[in-house]
Amino acid sequence: MSALVVVLPPAPGSEFAYVVTNDGVHAARHGSAQAQLLPLPAQAGSEIVAVVPIAKLSWHRVDLPKGVGPRSPRLRAVLEGLLEERLLDEPETLHFALQPQARAESAAWVATCEREWLRDALQALENAGRPVTRIVPEFAPQAQPALYAIGDPDDAVLVAVTPDGVTPLPLASAALALLPSLPADTALVSEPAVAALAEQVLQHPPVLQQSPERWVRAAQSDWDLAQFDLSSSGGARTLKKAGALWADVVASPQWRPARWGALVLIVLNLVALNAFAWRERSAIEGKREAMRRSLTQAFPEVKVVVDAPVQMEREVAALRQATGAVSGRDLEAMLAALAASLPPQRALGALDYANGELRVRGLGLGPEEARNVAAAMRSRGYNTAVTGDLLVVTPEAGA
């Protein structure tokens, strides 16, 4: 993921060291500048990651009590109580951050730093139009121990990063006794400026790593120190992360095969959808043409076909009327069907017939009898409805 990684300076007004990465893994360019002169991320959706230097952070191991997890409203107060005896400053002057995936009733790391210093540095970036998306530590406890030699020959620092914490020491032989117990194969990584000194002190050739490469590596951390009072813009940070991910999907070279695959899939779906629609339209048009042919073949006098079903029904009705044939909509046919469906010895009362609808009163049908009459009439092509002593008979659609 493309990002601008900014190292927060130890004092207000100082320049920010920075590194730009286009893929989240390799440093593209780096330098230092005042906040308003920092480069703007080149890609849409790129994130700005702030790195807290090792000199500004302290690390503490705590056991979270029952019912107190990362989302607990009492977390800040609980951490202050757990660390009160171990802190050199007043808890209210410090910013706290709990390790990722911490759980209640388990051990967890807590990072602390000066609250006002952190706020001022973040505000300077905000005022310069470089709002920070995430805040990460330069070093954090990790499962695989490692030693890092950083700084310059006049002020070199040896950082031991282990599962038991982060320990900064002067890069000198006299300080080696203060190092925690480390495996024999512990990796030694050094900045080029102090590589010779590191090899002399530790009697082991180091792997060279420029500080910008280390900052890019730090930006990949799961840690986010923007917690408690600094987490009010968490929703915005989430949106920025989503935007950065989407921008990478749209623009990054490693996503090019996926983009082409998605494009091909969309095109194939559009082609298939259009082919299906064309086939359905052709089938419907074929049925309409068959209906028009049936109409003109049965009634050659019909020259213009507008609505084949309606015209067919009209012509059939006219033919019946001309030949004297009885249709299902005629009174005679409806009375015959009703007589065959009514219970025995049931006399008809008042009759009313109009426009193919027969109304009969005075039958006195009970609920069961009404259901039986409806079923019998339905088998003969008629619908019935009973309201009180009124029975309404209508032909089914198409009858």
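1. Helices and strands here are DSSP runs, helices of at least four residues and strands of at least two, numbered from the N terminus. The model is predicted.

2. Is Glu15 buried, partly exposed or exposed? Its relative accessible area is 45%, so Glu15 is partly exposed; that class lies between the buried limit of 20% and the exposed limit of 50%. Setting aside residues up to four places away in sequence, Glu15 touches Pro9, Ser32, Ala33 and Gln34. Met377 is another matter. Glu15 and Met377 are 362 residues apart in sequence, and their C-alpha atoms are 94 Å apart in space.

3. Next, α1. This helix covers residues 75–83, and its buried residues are Leu75, Arg76, Val78, Leu79 and Leu83. Viewed down the axis of α1, they fall within an arc of 160°, so they line one face of the helix. Note that Arg76 is in the buried set. The packing partners of the buried residues of α1 are β5 (58–63), β6, β7 and α2 (115–127).

4. Two glutamines deserve a look at the backbone. Gln101 has a phi near 60°, a positive value in a residue other than glycine. Gln101 belongs to the loop between β6 (94–98) and β7 (107–114). With a relative accessibility of 64%, Gln101 counts as exposed.

5. Gln203 is the second one. Its phi is near 55°, again positive in a residue other than glycine. The loop that holds Gln203 runs between α3 (195–202) and β13 (207–208). At 66% relative accessibility, Gln203 counts as exposed.

6. Now Ala187. This residue lies in strand β12, which spans residues 187–190. Ala187 has a relative accessible area of 37% and is therefore partly exposed. Where does the chain bring Ala187 relative to Val207? The two are 20 residues apart in sequence and 7.9 Å apart in space, C-alpha to C-alpha. Leaving out neighbours within four places in sequence, Ala187 is in contact with Pro145, Ala146 and Leu147.

7. Helix α4 is mostly covered, with seven of its nine residues buried. Which residues are buried in α4? They are Ser211, Pro212, Arg214, Trp215, Val216, Ala218 and Ala219. The cover over these buried residues includes β1, β2, β3 (29–33), β4 (47–52), β8 (134–137) and β9 (146–150).

8. Arg217 also belongs to α4, which runs over residues 211–219. Its relative accessible area is 55%, so Arg217 is exposed. By contrast, Arg214 of α4 is buried. Arg217 and Lys56 are 161 residues apart in sequence, yet 18 Å apart in space, C-alpha to C-alpha.

9. Helix α8 (residues 331–341) and helix α9 (residues 367–379) pack at about 135°, and their axes are 9 Å apart. An angle of that kind makes α8 and α9 oblique to each other; roughly antiparallel would need over 145 degrees. The α8 and α9 crossing is right-handed. What makes the contact? From α8 come Ala337, Leu338 and Ser341, and from α9 come Val373, Ala376 and Met377. Of the residues in this contact, five are nonpolar, one is polar and none is charged.

10. Last, the two sides of α8. Ala333, Met334, Ala337, Leu338 and Ser341 are buried in α8. Down the axis of α8, these buried residues fall within an arc of 130°, so they line one face of the helix. Turned away from that buried side is a face with the exposed residues Glu332 and Ala339. Helix α9 is one of the elements that cover the buried residues of α8. The cover also includes β14 (351–354), β15 (357–361), β16 (382–387) and β17 (390–395).

Conventions: Residues numbered from 1 in each chain as written. Predicted model: local features only at pLDDT ≥ 70, side-chain atom pairs only at ≥ 80, totals over all residues. Heavy atoms only, no water. Axes fitted to C-alpha atoms, helices over the stretch in contact; angles between N-to-C directions. Parallel < 35°, antiparallel > 145°, perpendicular 65-115°, else oblique. Left-handed = near helix turned anticlockwise from the far one by under 90°. Contact = heavy atoms within 4.5 Å. Nonpolar A, V, L, I, M, F, W, Y, C, P; charged D, E, K, R; others polar. Buried < 20%, exposed > 50% of the residue type's maximum accessible area, 1.4 Å probe, protein only. Arc of directions from axis to C-beta.
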